[in-house]
Amino acid sequence: MRETDFIGGFAKGLKVIEAFGETKPRLTITDVSKETGLDRATARRCLLTLAELGYAAYDGKFFELTPRILRLGHAYLSATPLPLVVQPYLDQLSETVGQSASVSVLDGTEIVYVARAAQKRVMSISLMPGSRLPAYCASMGRVLLAALPEAEARAIVEASDRKANTPFTKTDPEALMAEFCEVRRQGYALIDQELEIGLRSIAVPLENARGRVVAALNIGAPAAHAAAEEMVARYLPEMRAVQAALRSLLA
């Protein structure tokens, strides 16, 4: 892309939108400036523009996003057939195994949920289409990173904010790269309480008919429901069946 093709103002506006989140639903101009690295005047103009267009509400001190912002995410979900294709399979899988099942795609250093069938809440945060998790410590993230060329996966790992969510979280880049090799070898990723204490999950890649990995499928279960060594025997066969059934349907 040529430098003249880049619209800096548009990029700053998107950065401001991304400053909001589950733990940061209401922000002041100063908050947004700190979150984005933008100067206060730029942050103010972006926020007021969002408010003028109906994407944010402003009470004189705090800004918060409005439901209108969902139009941006809906544009992606409605433009790609992936959620529509996988949802019936997720629903059936979740019903069969009695646990929550999800599909996600990779976006930078994070995974983004595009479809989910929830049996029960297994994490302290609520997950739904559009939710994001760090890729390095999520089972679907490791499957998706393992599918990348090694140099690309390493760059994403090194760019990630690799915090230890629990005493079990792997954060060392070399340990993670070795983990990706193991995921490629065995064809699945198993996370044992690295994202959150009390949660285990197993994920497999979803390939299209040409063999390209386009998404990841996982099952998450409370640690009390299945020991780590039981996850593979209990859930992997059903996941493999969904993986095979979707291969010819995914673009």
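Biologist: How many salt bridges does the structure hold?
Modeller: This is a predicted model, in which local features need pLDDT of at least 70 and side-chain atom pairs count only at pLDDT 80 or more, while totals for chains, interfaces and linings use all residues. Residues are numbered from 1 along each chain as its sequence is written, and side-chain values use heavy atoms, with hydrogens and water left out. A salt bridge is counted where a side-chain nitrogen of Lys or Arg lies within 4 Å of a carboxyl oxygen of Asp or Glu. By this rule, the number of salt bridges in the structure is 13.

Biologist: How many residues apart in sequence are the parts that Asp59 and Arg26 tie together?
Modeller: Asp59 and Arg26 form a salt bridge in which the closest N and O atoms are 2.9 Å apart. Asp59 belongs to the loop between β1 (56-58) and β2, and Arg26 to the loop between α1 and α2, so the pair links parts of the chain whose separation in sequence is 33 residues. Helices (H or I, at least four residues) and strands (E, at least two) are DSSP runs, numbered from the N terminus.

Which residue forms a salt bridge with Glu207?
Modeller: The closest N and O atoms of this pair are 3.8 Å apart. Glu207 lies in strand β7 and its partner in helix α9 (residues 228-247), so the contact ties together parts that are 40 residues apart in sequence.
Modeller: Arg234 forms a salt bridge with Glu230, the closest N and O atoms being 3.3 Å apart. Both residues are partly exposed, Arg234 with a relative accessible area of 41% and Glu230 with 35%; buried means under 20%, exposed over 50%, and partly exposed in between (1.4 Å probe, protein chains only). Because they are four residues apart in helix α9, their separation is about one helical turn.

Biologist: Which residues are linked with Arg142 in a network of salt bridges?
Modeller: The network joins four side chains, Arg142 being one of them. The residues linked with Arg142 are Lys170, Glu179 and Glu194.

Biologist: Is strand β3 mostly covered or mostly uncovered?
Modeller: Strand β3 spans residues 100-107. Of its eight residues, six are buried, and the strand is therefore, by the rule that buried means under 20%, mostly covered.

Biologist: How many bridges join β3 to strand β8?
Modeller: Two strands pair if DSSP finds at least two bridges between them. Strand β8 covers residues 213-222 and runs antiparallel to β3, and within this pairing Ser102 has Asn218 as its bridge partner. The number of bridges between β3 and β8 is five.

Biologist: Which residue in the turn of the hairpin formed by β3 and β4 has a positive phi?
Modeller: Strand β4 (residues 110-117) pairs with β3 in the antiparallel sense over seven bridges, with Val103 opposite Ala115. Two residues stand between the strands of this hairpin. The turn residue, with a positive phi of about 65 degrees, is Gly108.

Biologist: Is Gln193 buried or exposed?
Modeller: Gln193 is placed in the loop between β6 (189-192) and β7 (199-207). Its phi is near 60 degrees, a positive value in a residue other than glycine. With a relative accessible area of 12%, Gln193 is buried.

Biologist: Which element gives the largest share of the lining of the largest pocket?
Modeller: A pocket is found on a 1 Å grid over the protein atoms alone, as an open set of points where a 1.4 Å probe fits, with protein on both sides within 12 Å along at least five of seven lines; lining residues have an atom within 4 Å of a point. The largest pocket is lined by 41 residues, and those nearest its centre are Phe20, Gly21, Gly130, Ser131 and Arg132. Elements that give two or more residues to this lining include α2 (29-36), β2 (63-65) and α4 (70-79). The largest share, six residues, comes from α4.

Biologist: What accessible area do Ile7, Phe10 and Leu14 have together?
Modeller: These three residues form a nonpolar patch on the surface; such a patch joins nonpolar side chains (Val, Leu, Ile, Met, Phe, Trp, Tyr) within 5 Å, each with over 30% relative accessible area and no salt bridge. Leu14 lies in helix α1 (residues 8-19) and counts as partly exposed at 37% relative accessibility. By the Shrake-Rupley method with a 1.4 Å probe, the accessible area of the three together is about 320 Å².

Biologist: How many Å apart in space are Ala227 and Val86?
Modeller: Ala227 is found in the loop between β8 and α9 and is partly exposed, with a relative accessible area of 23%. In sequence, Ala227 and Val86 are 141 residues apart. From C-alpha to C-alpha, their distance in space is 27 Å.

Technical notes: Patches are made of residues with over 30% relative accessible area and no salt bridge: like charges are joined within 9 Å, nonpolar side chains (Val, Leu, Ile, Met, Phe, Trp, Tyr) within 5 Å.
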